[in-house]
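Please find below a note on the model under review.

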Amino acid sequence: MALGDHLREARARILRAGTILLIGLIVALYFRHELYDLVSGPYNQARERLPEGTTEATTSGAAGGLMLWLKLCGFTSLVATAPFWLYQIWAFILPGLHPNERKWSRVFVAIAGPLFLIGIVLGYVTLPKGLEVLIGFNPEGVVNLVDFNEYLQFFTRTLLVFGLAFEIPVFVVMLNLAGVVKGKTLAAHRPWIIVGIFVFAAVATPSADPFTMTFMAVPMVILYFISEIIARWNDRRRAERQLNAGLSPDEASPL
């Protein structure tokens, strides 16, 4: 395909992605109150567990409310339409991939997508406890004013961290399939990797409480064990193929 054809295809796919994002934004604006209840849910749960008058949600500036709705609905549109615009990116890259690369890219998408969603759900479930701990550091008698625009950024960043954390085992398996990391290497460094997972969870979680950290770290450790098992199995399969690679059709295998 000529360069001009590539550029025309890229323009067409960008226009499609932009159109669906705009439609998603319009639909999200229609359901903005329901979306607000969903996003503010963790904060409201944390506020109910704290003494009355400890914290209040606010907006700042004359356009604070407008910016709140636009950010909320824009983020919702970006997430809700992700399958469509991600497909546009993948369909643009797909013709340049080899058949084997296409197969593994489909496997990666099929596994990475659900794991990312599981991470987001866990982040949403643990967020009220994290907010309760963070707001609880406020001195007695001082009201904690939470700017909802900043809270929305905190909300999205926290869920994104949880979602990406659950992608780490997938990347480990992909590196093993590419021959970069061996299963034996993962096993040899397992204790340090587990410690690193808990350190990552402690840094990435919004609060310093062990509950939220453990809620992220334990599933990551389990997924790491699964990825190590897959890597070891793939190494054995690869070794068997190399062992039999030089045999003629009439020569017996040592196995």
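**Notes on helix packing and selected residues**

1. Helix α2 (residues 32–49) and helix α3 (residues 64–80) pack at an angle of about 85 degrees, and their axes are 10 Å apart. Axes are lines fitted to C-alpha atoms, for helices over the stretch in contact, with angles running from 0 to 180 degrees between N-to-C directions. The angle makes α2 roughly perpendicular to α3 (a class that covers 65 to 115 degrees). Helices are DSSP runs of H or I with at least four residues, strands are runs of E with at least two, and both are numbered from the N terminus.

2. To this contact α2 contributes Arg-32, His-33, Leu-35, Tyr-36 and Val-39, while α3 contributes Leu-68, Trp-69, Leu-72, Cys-73 and Thr-76; contact means heavy atoms within 4.5 Å. By class, the residues of the α2 contact with α3 comprise seven nonpolar, two polar and one charged. Here Ala, Val, Leu, Ile, Met, Phe, Trp, Tyr, Cys and Pro count as nonpolar, Asp, Glu, Lys and Arg as charged, and the others, Gly among them, as polar.

3. The model is predicted: local features need pLDDT of at least 70 and side-chain atom pairs count only at pLDDT 80 or more, whereas totals for chains, interfaces and linings use all residues. Residues are numbered from 1 along each chain as its sequence is written, and side-chain values use heavy atoms, with hydrogens and water left out.

4. The buried residues of α3 are Gly-64, Leu-68, Leu-72, Cys-73 and Ser-77. Buried means under 20% relative accessible area, exposed over 50%, and partly exposed in between, with a 1.4 Å probe and protein chains only.

5. Helix α10 (residues 210–243) holds Arg-238, and Asn-234 also lies in α10. Asn-234 is buried, with a relative accessible area of 2%, whereas Arg-238 is partly exposed at 21%. Not counting residues up to four places away in sequence, Asn-234 touches Asn-176 and Leu-177; with neighbours within four places left aside, Arg-238 is in contact with Asn-176, Leu-177, Gly-179 and Lys-182. The C-alpha atoms of Arg-238 and Gly-179 are separated by 9.8 Å, at 59 residues apart along the chain.

6. Thr-58 belongs to strand β1 (residues 55–58) and counts as partly exposed at 28% relative accessibility. Beyond its neighbours within four places in sequence, Thr-58 contacts Leu-145, Val-146, Asp-147 and Phe-148. Thr-58 and Asn-149 are 91 residues apart in sequence and 8.6 Å apart in space, C-alpha to C-alpha.

Terms used:
Parallel < 35°, antiparallel > 145°, perpendicular 65-115°, else oblique.
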